[in-house]
Amino acid sequence: MKKIIFLGALIFLGASLHAQQDLPENPEPGKCYVRCTTPDVYENKTVQVKITPEYKKLKTYPAKYETTTEKVIIKEASKRLKVVPAKYETTTVTFVKKQAASTLKIIPAKLGNDSETVEIKPAFAQWELGTSAPDCASGNPDDCRYWCYKGYPAEFTTIPIQVLSSDATTESTPIAEQSGSYTKRVVAEPAKVVEEEIPAEYATITKTVLVKDAYTEEEVVPATFKDVTKEVLTQKGGLTTWKEVECSLVEYSALPINWNLGSATLTAEAKRIIDTRLMPVLASNEGAKMEIASHTDARGSGSSNKDLSVRRAQSVVSYLISKGVNNSRLVANGYGETRLKNRCADGVSCTEREHAANRRTEFRLIQ
C-alpha cells in the first residue's frame with residue numbers, strides 16, 4: 001500500500017484540499033492518515049537457457065592385420081639328361097606383402113562464445129507524490145503536493161552461452177600397399193637323351209593380410225542448461241482507501257545498526273535489530289511503504305560516502321525482501337554526508353562522538 005501523510009490540524013483547509021488530493025473525510029485534529037493501495041503482485045518464474053549445445057566426440061581405431069604363411073614353388077620339377085644336362089634360368093616373382101589400408105585423424109568440434117539476454121524484471125509504473133507546486137499560496141508545503149504516475153523500465157541480464165561452430169569430423173590418410181618378391185629357376189633348355197626326374201622345390205613365405213580396416217566410433221555429448229529466475233507481474237495494484245497511522249512512524253526513527261568500517265554486510269545482530277524493529281512496523285501497517293535511509297560522516301570523499309550509504313540501505317532492503325516483504329513497499333536511499341546532524345562538515349575538527357552522530361541508518365513510512 002502507498003500512503004499520504006495528512007495532519008488533522010489542517011482541517012480548516014479541508015474543503016479545497018479534499019477536492020485536489022482526494023483526502024479522507026471527517027479527519028480528527030492531530031491524527032495522521034495514509035491512503036492504502038494494493039501492491040503490484042509479482043511471481044518468480046524459472047526459464048531454462050541452453051549453455052552448451054549437444055555435439056559429437058569421435059574416436060578412431062586402427063586397421064587390424066594378421067600374418068599368414070603360404071607355400072610357394074621356388075623350383076619347378078624337371079628332367080635331367082645324363083648326356084646333356086638341362087639348362088636353367090632364374091626369374092623373379094612379385095607378390096603383395098601388405099595390402100593397402102587407411103588411417104583416420106579426428107578433427108574435434110569447435111565451440112563459439114555467444115550470449116543471451118533475459119528479462120528478469122518487467123517494466124512497471126506507480127503513483128508517487130511530488131513536491132509542492134512553485135505557485136503554492138500556502139506557507140505549508142503539504143498543502144500543494146501533487147501525484148505523478150511514474151514509470152520504471154524493465155531490467156535485463158545477459159547470460160554467456162556457447163554455440164556449435166563446427167561439429168567433429170575425421171580425416172582419412174591412405175597407407176600404401178607393400179610388395180615383396182621371390183626368385184625361381186625355370187628350365188631354359190631341357191635335357192636330352194637320358195631323362196631324370198628332378199622334383200620341384202618349395203619355400204614358405206610370410207605376408208600380412210588386412211582383417212578389419214580402420215573405423216570410427218562416436219559419442220554424443222548432451223547439451224547443458226541453466227535455470228534463470230525472472231519476475232513476472234501477475235496482478236496490478238490500485239488505490240483503495242484511507243487508514244489512520246501513528247504520526248511517529250512518518251518521522252525518521254533510528255535503526256541502531258553498528259556497521260563494520262567500510263562494510264555494507266549485515267551482521268547477525270543487525271539482522272536481529274531489523275527483525276525486531278522493522279518487521280513489526282511493516283506487519284502492523286499492511287501495504288504501507290517504508291524508506292530505509294543511510295548516512296555517513298563527512299570524513300572521506302563525497303562519492304565514496306554516497307556509494308557506501310546506498311549499499312548499506314540496499315542491504316537492509318534486500319534482507320527485508322528475503323523475509324517475504326514485497327519490494328514495491330521498500331525504498332533504499334543513501335544520502336552519504338549530505339544530511340549531517342551537527343557542524344562536523346569537511347575541514348571542521350570534531351570528536352569521534354560528534355562524527356558518530358552522523359553515521360546512522362533510519363527508517364520511516366513514506367507516501
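# Reading a predicted fold, step by step

Q: What does Glu-189 count as at 28% relative accessibility?

A: Glu-189 counts as partly exposed at that value. The general idea is that buried means under 20% relative accessible area, exposed means over 50%, and partly exposed is what lies in between, using a 1.4 Å probe and protein chains only. Before we go on, please keep in mind that this is a predicted model, in which local features need pLDDT of at least 70 and side-chain atom pairs count only at pLDDT 80 or more, while totals for chains, interfaces and linings use all residues. Residues are numbered from 1 along each chain as its sequence is written, and side-chain values use heavy atoms, with hydrogens and water left out.

Q: Where does Glu-189 lie, and which residues is it in contact with, leaving aside neighbours within four places in sequence?

A: Contact means heavy atoms within 4.5 Å. Glu-189 belongs to strand S13, residues 178-189. Setting aside neighbours within four places in sequence, Glu-189 touches Ala-86 and Lys-87. Pro-85 is 104 residues from Glu-189 in sequence, yet their C-alpha atoms are 8.7 Å apart in space.

Q: How many helices and strands does the chain have?

A: Helices (H or I, at least four residues) and strands (E, at least two) are DSSP runs, numbered from the N terminus. Here there are four helices and 22 strands. Of the 367 residues, 31% are buried. Among contacts with a separation of 6 or more, 85% are between residues 24 or more positions apart.

Q: Which strands make up the open sheet of four strands, and in what order?

A: Strands of a sheet pair through backbone hydrogen bonds, either parallel or antiparallel. Two strands count as paired if DSSP finds at least two bridges between them. In this open sheet the order is S19-S22-S20-S21, with mixed pairing. S19 and S21 stand at the edges with a single partner strand each, so one side of each has no neighbour in the sheet.

Q: Why is strand S22 largely enclosed by the rest of the structure?

A: S22 covers residues 360-366, and six of its seven residues are buried, so the rest of the structure largely encloses it.

Q: Where does helix H2 bend, and what covers its buried residues?

A: The expected span of a helix is 1.5 Å times one less than its number of residues. H2 (residues 268-284) has 17 residues and reaches 24 Å from first C-alpha to last, close to the 24 Å expected. A bend at a residue is the angle between axes fitted to the seven residues ending there and the seven starting there. H2 bends by about 30° at Leu-278, with Pro-280 following within four residues. Its buried residues are Ala-270, Ile-273, Ile-274, Leu-278, Val-281 and Leu-282. Their cover includes S20, H3 (302-322), S21 (330-336) and S22.

Q: What covers the buried residues of H3?

A: The cover includes H2, S20 and S21. Among the buried residues of H3 are Leu-308, Arg-312 and Tyr-319. H3 has 21 residues and reaches 30 Å from its first C-alpha to its last, close to the 30 Å expected. After H3 comes Gly-324, with a positive phi near 105°.

Q: How many aromatic pairs are there?

A: Rings of Phe, Tyr and Trp (its six-membered ring) pair if their centres lie within 6.5 Å; planes under 30 degrees apart are stacked, over 60 edge-to-face, and the rest tilted. By this rule there are three aromatic pairs. One of them is Tyr-61 with Tyr-215, stacked at 4.9 Å centre to centre with 15° between the planes. Tyr-61 lies in S3 (residues 55-61) and Tyr-215 in S16 (residues 215-221), so the pair ties together parts 154 residues apart in sequence. Phe-124 and Tyr-152 form another stacked pair, at 5.1 Å and 20°. That pair links S9 (residues 124-129) with S10 (residues 147-152), its two residues being 28 apart.
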